Amino acid sequence: MYTFEFYNPVRVIFGVGKVACTGSEVAKLGRKVLIVSYEDHAFMDELLDRIGDTIRDEGVETVEFFEVRDNPEVAMVAGGVELAKSENCDCVLAVGGGSVMDAAKAIAAGVYYEGDLWNMVYHRHDGSGSNEINPPQQALATLMIPTLPATGSEMNMCAVLSNAELKEKSYIWAECIFPKAAIIDPELTASLPSLLTACAAADTISHVLEIYINSQPDTPLQHYFQEGVMRTVIENVTKALDNPGDLEARANLQWAATCAINGWSYPGDGWTPMHQVGHQLTARHAVNHGASLSIIMPAWMEVFKNRRPKQYLRFAERVMDVTPAGKSDQDIIAEGVAKFREFLEAIGAPTSLGDVGVTEDDLAGIIDGVARVSFGPDGQLACNPPVSRDDLLGVIRKAL
Ligand SMILES: [Fe+2]
């Protein structure tokens, strides 16, 4: 049964060509904007030039901070904060994927933050270490222009950051980092390479799948939302891979990514245990975020499918289109999980740790990292039911 609060103040401007509205939207937020994008931005120079022109045409000054790499580092965020402060920027524009959007949100909050920026992040859930979790309370206004249909950061209050020194990756969760608006233009994703398109699809699916198999069972509308996101991605990612310029498929992937993690699919509780493992793969082994999920998801499901058979049965029939006639529930569930693994393989997403160079020798470090950052006071990873250290080792071994 539902018990929840819902709040999402992000205005979405969606459609092919809508990036042309950037200048007028930025002008609603301030008079001097910090534009945040990738350090390696040659592939989108034309887009950045075009966007800069639309902003300056509105009489708004621009300051460029093109320093973001994948899995944004808190040290890089600190550099953005310094620039925003020294230039007196009064709003922030992100042009890029999840790393860029999350960096922009963190910079926007960091401008007002006192003390160590890493304290904005929820981390060290076991209470070790000297840092205190202290989420930010205030941030500059932000506008998001996503160029990758995956993280959904454009319409939520989360920003994932990494700390190379601590080998940790975790997230800021604070209402003040909700963007003011997002311009979601599917045309900006038409040039994405195949591997990134596949990994983005896996990430989007993971955002609803984690909740689908771990959350409470009696929330049918939420389950229909979640199934809608998964089916939309499965139906459209192949079209986008076959024909990268298929803007209808790209639009469907973009909107699915946004809706997967903007709160609509959450029934009031829910955990993201696979993401906690994925974050360690990224922090310790530089695995692409979507790839980390495409590796963990099938292994997780194969190991835990009998813990909540009702959910897995539903997944098999409603998401993977397994026909139940003449089959036992166990066979249907196993076929659903197997079809999901086949789907990930067919779109070219990695499905084993070997694909990304992680070996048996690395497993203890990964488990230790998950335990330090994400285990609760009960010494387990939050999920339904909770996952012990040994259970987790079983999953990661399965993914080898
Ligand atoms: Fe994700």
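Analyst: A nonpolar patch on the surface is formed by Tyr2, Phe4, Phe6, Leu221, Tyr224, Phe225, Trp255 and Trp264, which together have about 790 Å² of accessible area. Patches consist of residues with over 30% relative accessible area and no salt bridge, nonpolar side chains (Val, Leu, Ile, Met, Phe, Trp, Tyr) being joined within 5 Å and like charges within 9 Å. A salt bridge is a side-chain nitrogen of Lys or Arg within 4 Å of a carboxyl oxygen of Asp or Glu. Areas follow the Shrake-Rupley method with a 1.4 Å probe, and for residues only the protein chains shown count as cover.

This is a predicted model, in which local features need pLDDT of at least 70 and side-chain atom pairs count only at pLDDT 80 or more, while totals for chains, interfaces and linings use all residues. Residues are numbered from 1 along each chain as its sequence is written, and side-chain values use heavy atoms, with hydrogens and water left out.

Helix H6 (residues 220-242) supplies the largest share of the patch, three residues; helices (H or I, at least four residues) and strands (E, at least two) are DSSP runs numbered from the N terminus. Phe4 belongs to the segment before strand E1 (11-14). With a relative accessible area of 46%, Phe4 is partly exposed, a class between buried (under 20%) and exposed (over 50%), with a 1.4 Å probe and protein chains only.

At the metal site, the iron ion has as protein donors Asp203 (OD), His207 (NE2), His275 (NE2) and His289 (NE2), 2.1 to 2.2 Å away. Donors are N, O and S atoms within 2.8 Å of the metal (3.2 Å for Na, K and Ca); water is not among the atoms, so sites may look incomplete. His207 lies in helix H5 (residues 194-214) and His289 in helix H9 (residues 289-304), so this pair ties together parts 82 residues apart in sequence. His207 and His289 are both buried.

The structure holds eight aromatic pairs. Rings of Phe, Tyr and Trp (its six-membered ring) pair if their centres lie within 6.5 Å, with planes under 30 degrees apart stacked, over 60 edge-to-face and the rest tilted. Trp300 and Phe304 are edge-to-face because their ring centres are 4.8 Å apart and their planes lie at 75°. Both of these residues, Trp300 and Phe304, are buried. Phe315 and Phe340 also form an edge-to-face pair, at 5.6 Å centre to centre and 85° between the planes.
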